[in-house]
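Here are my notes for your reading of the structure. Please keep the view open as you go.

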Amino acid sequence: MKRKLLGALLSTAMVASLVVGCSGGNDTAPADTPADTEAPADAETPADNEADDASAPAAAGGGKIGISMPTQSLERWNRDGAYLDEQFKAAGFETILTFSDDKTEQQVNDIQNMLADGVDMLVIAAIDGNALNTALEGAAEQNIPVISYDRLILNDAASYYVSFDNYTVGQLQGEYIVKALDLENAGDKTYNIEITAGDPADNNATYFYQGAIDAIQPYLDNGALNIVSGQKDFDAVATPGWKTDTALARAQNVLSSYYADGTQLDAWLCSNDSTALGVTQAVTSDYAGSNAVIITGQDGDEANLKNIVDGTQTMTVYKNVSNESIVTLALAKAILAGETIDESLIPSFGIECAFDTESYETSAGNKCPSFLLVPNVITKDNLQDLVDTGLYTMGDDGYLSATN
């Protein structure tokens with residue numbers, strides 16, 4: 001597993017990258033359906049201004065963009081779909097937005113329908129990075145560029161990749177546990193940890209997992225950390241579909257099998273918020289111990305932010321998907337305008353990210369040029385940073401609600 005290029009940015013990217021770039025039927029409904037929400041008032045970003053200055057596609061009559069999202073059952077994909085739809089429409093593009101209900105066959109069909117409808121570009125967050133070959137062959141035949149959005153598509157028809165530094169996401173989770181338990185000064189003390197990873201069909205899940213494992217491995221090696229269940233390998237801890245109920249059932253099984261005798265559990269490493277939601281429910285209802293268990297997450301889902309306020313989840317790694325949509329729009333416009341695609345585009349984004357041509361492969365030896373944004377750690381102590389983005393509001397009770 002290759003290490004990412006942004007590791008050095010871990011401790012410096014917090015508020016700056018959070019504040020920059022705020023904007024804003026059935027699963028196959030067109031894009032008009034979910035886009036009634038307004039972008040926040042501070043939505044005028046460098047990328048939005050660029051829509052006025054560099055709107056060659058719009059000036060020439062616009063273009064048609066097909067946006068394929070995995071599902072509406074996870075909060076974050078609703079946000080991604082809405083932000084992308086809003087950004088492209090504001091820049092003068094026509095959009096087709098679909099959600100594929102976590103069914104790869106439906107996503108293939110959705111993409112094929114977009115191609116038949118004459119799209120000029122595809123933006124795809126794949127359900128399964130290995131399962132879109134039929135649809136992408138059609139895109140390649142029509143010379144339709146494909147932006148692999150957030151999840152890497154393992155097909156060479158994917159022209160570019162826009163995501164967060166996914167290895168760093170896991171690394172942040174692991175390093176948080178290391179610091180919270182002060183493992184560098186553990187001495188002879190051993191802390192117990194369990195792991196819940198993501199969907200095996202999601203290429204990102206292995207990056208999250210590996211980043212976290214690499215962060216905690218030295219302490220597993222020296223005995224400061226111990227996995228009581230022995231379940232460490234990705235296949236043993238993976239959660240198909242990132243399903244909360246699946247994570248809950250496995251966590252309950254682990255607790256009843258290994259912790260019912262009073263064994264103390266100190267941390268549970270969860271790769272994202274939907275799995276953390278299940279683990280938190282299990283720990284709250286089925287853990288025999290009285291200590292607070294460190295539980296990690298990722299995405300900033302409202303239910304998990306509430307749990308962070310309540311103290312049942314400890315942290316989440318936040319990825320500003322509004323920023324991700326801004327970078328995607330700017331990249332799409334540059335591609336359609338025939339511009340050179342390299343790191344020289346980054347200043348126009350107004351968003352901190354890196355251009356990486358080495359870390360992600362769509363097939364053996366074929367590197368996919370990637371724009372990688374910087375994720376951030378959110379805890380109870382810095383929830384205001386999310387409010388400062390304009391993408392969340394905080395109620396009198398301290399709970400956060402997404403504005404989109």
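Which residues touch the most other members of the largest nonpolar core?

1. The core. In this predicted model, Met-69, Phe-88, Ile-216, Leu-225, Leu-331, Phe-349 and Phe-371 do, out of 81 core residues. A nonpolar core joins buried Ala, Val, Leu, Ile, Met, Phe, Trp, Tyr and Cys residues through side-chain atoms within 4.5 Å. Buried means under 20% relative accessible area (1.4 Å probe, protein chains only). Helix α13 (residues 321-336) gives the most, with nine residues. Helices are DSSP runs of H or I, at least four residues, and strands are E runs of at least two, numbered from the N terminus. A second, separate core has 18 residues, including Leu-115 and Ile-144.

2. Confidence. pLDDT is the predictor's confidence in each residue, from 0 to 100. The chain averages 87, and 85% of the residues score at least 70. Residues 1-61 stay under 50. Where pLDDT is low, the predicted coordinates should not be read in detail.

3. A buried loop residue. Met-315 lies in the loop between α12 (302-310) and β10 (316-318). Met-315 counts as buried because its relative accessibility is 0%. Beyond four places in sequence, its contacts (heavy atoms within 4.5 Å) include Leu-172, Tyr-176, Ile-308 and Val-377. Its C-alpha atom is 7.5 Å from that of Lys-380, 65 residues apart along the chain.

4. Ground rules. Residues are numbered from 1 along each chain as its sequence is written. Local features need pLDDT of at least 70, side-chain atom pairs need 80 or more, totals for chains, interfaces and linings use all residues, and side-chain values use heavy atoms, without hydrogens and water.

Conventions
Buried means under 20% relative accessible area, exposed over 50%, partly exposed in between (1.4 Å probe, protein chains only).
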